[in-house]
Amino acid sequence: MNAADSHGAAHGPAGSAPPFPRMDLRFGHPGRRYEPGEWVTAEYTIDGLNGERPRALERSALWYTEGKGEEDLGVYFFERVSTPETIDRVVPEGTFALQLPPSPLSYEGVIVKIRWCIRLRIFFDSGRDHVSEHVFTVGRVPPSILP
Amino acid sequence: MDVGHTIHRPNPFATRYVASARLVPRDEQGGILDLASLVARLDALGGSGAIVGPHGTGKSTILSHLGDSIAAGKRPVGRVRLRSRRDIPTAVRSVRDASRGGLVCIDSWELLGFASRAVVRGLATARGVGLLVTSHGPAGLPTLVSCRGTRALLGALVGELPDHDQWFGTTIVAADLEAAIDAVNGDVRQALDRLYDRFEEGRLRMPH
């Protein structure tokens, strides 16, 4: 398993609110590199809940563009777990697997990049939510080179 | 935050990090604006006001966050972003369809033109709807905030971008910020675009 880089974003009241949890995700492949059509497997853990009750967890796989202009994204897989009976099965740890589509392939351009990521979003009873993104690579398109 | 893989290293100046809704609203000294005070001031102005300043000085960021703040107070808020004059009917419909006592936020108010602005203002008055707009110049509405792009503002915004400590001082240095803002006459949005390019140059010089 290979630890993934992640980006977190939080929404909700600041001030005396408890700190947001840390959401770590490990991909099944070394280097987080996958071929189109391949299965992605991942395990995640959510630490630092501090007794706060989660209301829902969203697990998704998506691609997005990153650059200076308008952005685009496509959600390939989405699952929301929000019933009291099921939330304990996916928090504070869980696994999931999905088969990748043929495209788009990851691309590390200068003007625009295409990235794939697993996104975990946890919602609390308090109204707060926290998002964590874990990037992985699809395909083997070489990165662009500045002239 | 745990980022370190070269090929996945995000460019912190990409739209997803510097879009108006992502940045914290700040004044020209880089200080964080007190949204509650601005909401109170908007009320004191009669419920309508304008955020005025040149292009790229943070007007849309303030509008976005003020809209969120007002909506959180349970006041209905509509939002219109004008891209061209073809969007004028959208602005008119938004005011026409807004609930009495609600607020319509219109980004790039100057695109409406003199006559359309008069129509929208009149419609808003008749329907009891507030207007909160961004404009490059006098808007025919009381000025709520005046914006100006400065080195201090750019520095504060850059300081809040993801993983700042990992690239500031190496890939991007203070002189890059000064050069970027000075080259575009205080247009912070354009300065961020320049810093995107600068970051790419630095990133591609790094070993993979």
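## The cores

In this predicted model, the largest nonpolar core brings together 33 residues. Ala50(B), Ile51(B), Val104(B), Ile106(B), Leu132(B) and Val133(B) have the most contacts inside that core. Take Ile51(B): setting aside neighbours within four places in sequence, Ile51(B) is in contact with Lys59(B), Ile62(B), Leu63(B), Thr134(B), Leu144(B), Val145(B) and Cys147(B).

## How chain B is put together

Chain B has nine helices and five strands. Starting at the N terminus, the order is α-α-β-α-β-α-β-α-β-β-α-α-α-α. Its C-alpha trace spans about 65 × 30 × 30 Å along the principal axes.

Of the 208 residues in chain B, 40% are buried. If you look at chain B contacts between residues at least 6 apart in sequence, 79% of them join residues at least 24 apart.

## A helix pair in chain B

Helix 4 (residues 88-97) and helix 5 (residues 113-127) of chain B have axes that come within 9 Å and cross at roughly 10°. That's why helix 4 of chain B counts as roughly parallel to helix 5 of chain B.

On the helix 4 side, the residues are Ile88(B), Ala91(B), Val92(B), Val95(B) and Arg96(B). They meet Ser116(B), Val119(B), Val120(B), Leu123(B), Ala124(B) and Arg127(B) from helix 5. Sorted by class, this contact has eight nonpolar, one polar and two charged residues.

## Confidence in chain A

Chain A has a mean pLDDT of 87, with 86% of its residues at 70 or more. Within chain A, confidence is highest in strand 7 (residues 73-81), at a mean of 96, and lowest in strand 1 (residues 2-3), at 42.

Key
Residues are numbered from 1 along each chain as its sequence is written. Chains are lettered from A and ligands numbered from 1 in the order in which they are written. This is a predicted model: local features need pLDDT of at least 70, side-chain atom pairs count only at pLDDT 80 or more; totals for chains, interfaces and linings use all residues. A nonpolar core is a set of buried Ala, Val, Leu, Ile, Met, Phe, Trp, Tyr and Cys residues joined through C-beta atoms within 7 Å. A residue is buried if 20 or more other C-beta atoms lie within 10 Å of its own, exposed if 12 or fewer, and partly exposed in between; C-beta atoms are placed from the backbone. Two residues are in contact if their C-beta atoms, placed from the backbone, lie within 7 Å. pLDDT is the predictor's confidence in each residue, from 0 to 100. Helices (H or I, at least four residues) and strands (E, at least two) are DSSP runs, numbered from the N terminus. Axes are lines fitted to C-alpha atoms, for helices over the stretch in contact, and angles run from 0 to 180 degrees between N-to-C directions. Angles under 35 degrees count as roughly parallel, over 145 as roughly antiparallel, 65 to 115 as roughly perpendicular and the rest as oblique. Ala, Val, Leu, Ile, Met, Phe, Trp, Tyr, Cys and Pro count as nonpolar, Asp, Glu, Lys and Arg as charged, and the others, Gly among them, as polar.
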